[in-house]
Amino acid sequence: MGIFKDAGHLFRFAALFVVGTLTFLGIRGFFVPKSFGEYGHYRGNAIVEVAARPIHYAGNQACETCHTDVVNKKKDGKHAHVNCEACHGPLAKHADDPSVEPTKLDTAVLCLSCHTASAAKPKGFAQVAEDHSSGLPCETCHQPHSPAIAAGGAK
Amino acid sequence: MNLSRRHFLILLPAAAVAWQAVLAGSPEASPNYKMSEHWWGMLIDIPKCIGCGNCVRACQAENDVPDGYFRTWVERYHVSDGNLSNPEVISPDGGKEGFSPAKEDEGKYFFVPKLCNQCADSPCTQVCPVGATFTSPDGVVLVDQTYCMGCAYCVQACPYGCRYIHPTKKVVDKCTLCYHRITKGLTTACCEACPTGARQLADLKNPKDPIHEFLKTHSVQVLKPQMATGAKAFYYDLDGSVR
């Protein structure tokens with residue numbers, strides 16, 4: 001016991017160190033979220049929270065489950081690959097509850113957002129000059145779901 | 001407890017199954033979605049883009065992006081006389097309301113939609129001091145907005161300018177590749193709204209995804225390849241002038 005005779009202060013210091021470490025680990029365990037480090041140096045539950053945000057666009061499949069008549073109209077036309085919500089806008093609310101009415105579209109404005117003639121657009125893309133319809137809405141002549149007039153798209 | 005050798009051997013497989021369930025951890029938000037089975041990216045087909053701005057509007061509607069800020073935007077390039085080093089680039093309000101018609105002119109015009117490149121070796125996640133931004137196991141760069149303190153290191157680090165500080169939340173915000181949609185089996189809002197199919201969501205881990213055939217047969221480039229960011233936004237027919 002000779003060398004430990006005056007070592008009481010060392011044991012007290014060691015005890016203090018142990019208590020300090022345990023306190024630190026306790027506080028850390030309390031404040032660091034459970035999922036932190038699950039996949040990496042971040043909170044794993046953050047992924048679940050981002051994934052849980054609400055959707056606004058219902059997706060084409062949702063539209064096609066009910067509107068089969070429009071699917072048939074579209075399928076041979078130039079707009080066959082244009083998704084419904086590309087023109088009609090985000091309609092997840094309408095898909096959840098069909099009594100929510102989508103807003104009626106104004107073809108005089110809507111069609112031009114894609115089809116206004118511009119030298120910047122790809123050459124093969126259908127474009128119309130400003131005076132093409134002399135102000136009449138496009139749907140006067142073109143059926144928006146299958147717009148080519150030769151293909152029976154005329155009204 | 002008195003356990004015979006026979007009973008112990010019978011219970012062993014059951015215990016193994018139970019331990020597997022413990023190791024698997026908590027279930028995810030979408031029960032049928034497994035992060036380990038996906039690796040997300042996007043294909044952007046430049047010759048198909050008409051610069052209508054549908055994607056920008058769709059993104060803002062889907063993700064409540066404040067006015068004047070963009071998770072995705074469209075740029076119009078005008079390169080005259082083959083002067084690749086000095087293109088004229090415009091993006092009025094991010095191309096949200098489209099572009100005013102261009103007059104027939106010498107040189108070439110094209111549109112370049114931009115968004116987070118979902119880099120595999122992203123510079124932005126590496127600089128975050130608090131672990132608030134990260135690449136998810138399925139390859140999407142996300143932000144934990146409850147952890148972010150708005151220091152904007154990542155905004156500076158992104159070589160593509162895809163991040164911004166949200167004006168009211170005062171934390172960083174960026175494209176999530178519509179993570180809340182793709183985990184439900186939907187495509188992103190920008191892809192959903194694109195009328196010409198110029199944008200296509202791509203799952204690089206799904207062998208049936210058409211992206212694989214496209215990458216094999218087309219000339220595809222990423223933005224700023226010299227930065228070695230492992231960008232997963234693949235641009236078809238990208239002009240050398242695009243920065």
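**Strand pairing, burial and domain contact**

Biologist: What makes β2(B) and strand β3 (residues 88–90) of chain B a pair?

Modeller: In this predicted model, three bridges join β2(B) to β3(B), in the antiparallel sense.

Biologist: Why is strand β2 (residues 72–79) of chain B called largely enclosed?

Modeller: A residue is buried if 20 or more other C-beta atoms lie within 10 Å of its own. Six of the eight residues of β2(B) are buried, so the strand is largely enclosed by the rest of the structure. For chain B as a whole, 40% of the 243 residues are buried. The secondary structure of that chain consists of seven helices and 11 strands.

Biologist: How does the radius of gyration of chain B stand against that of a compact globule of 243 residues?

Modeller: The radius of gyration of chain B is 22 Å, whereas a compact globule of 243 residues would have one near 18 Å. The C-alpha trace of chain B extends over about 90 × 45 × 30 Å along its principal axes. As for contacts in chain B with a separation of 6 or more, 64% are between residues 24 or more positions apart.

Biologist: In chain A, how many residues of domain 1 and of domain 2 are in contact with each other?

Modeller: The domain assignment gives domain 1 (40–102) and domain 2 (104–155) of chain A. Their centres, taken over C-alpha atoms, are separated by 24 Å. Nine residues of domain 1 of chain A are in contact with eight residues of domain 2 of chain A. On the domain 1 side that touches domain 2, α4 (68–74) and α5 (84–88) of chain A each contribute at least two residues. The greatest contribution to that side comes from α4(A), with three residues.

Biologist: What classes of residue make up the side of domain 1 of chain A that touches domain 2 of chain A?

Modeller: That side of domain 1 of chain A has four charged, three polar and two nonpolar residues.

How values were computed
Residues are numbered from 1 along each chain as its sequence is written. Chains are lettered from A and ligands numbered from 1 in the order in which they are written. This is a predicted model: local features need pLDDT of at least 70, side-chain atom pairs count only at pLDDT 80 or more; totals for chains, interfaces and linings use all residues. A residue is buried if 20 or more other C-beta atoms lie within 10 Å of its own, exposed if 12 or fewer, and partly exposed in between; C-beta atoms are placed from the backbone. Helices (H or I, at least four residues) and strands (E, at least two) are DSSP runs, numbered from the N terminus. Two strands pair if DSSP finds at least two bridges between them. The radius of gyration is taken over C-alpha atoms; the globule rule is 2.2 Å times the number of residues to the power 0.38. Two residues are in contact if their C-beta atoms, placed from the backbone, lie within 7 Å. Domain bounds come from an automatic or database domain assignment. Ala, Val, Leu, Ile, Met, Phe, Trp, Tyr, Cys and Pro count as nonpolar, Asp, Glu, Lys and Arg as charged, and the others, Gly among them, as polar.
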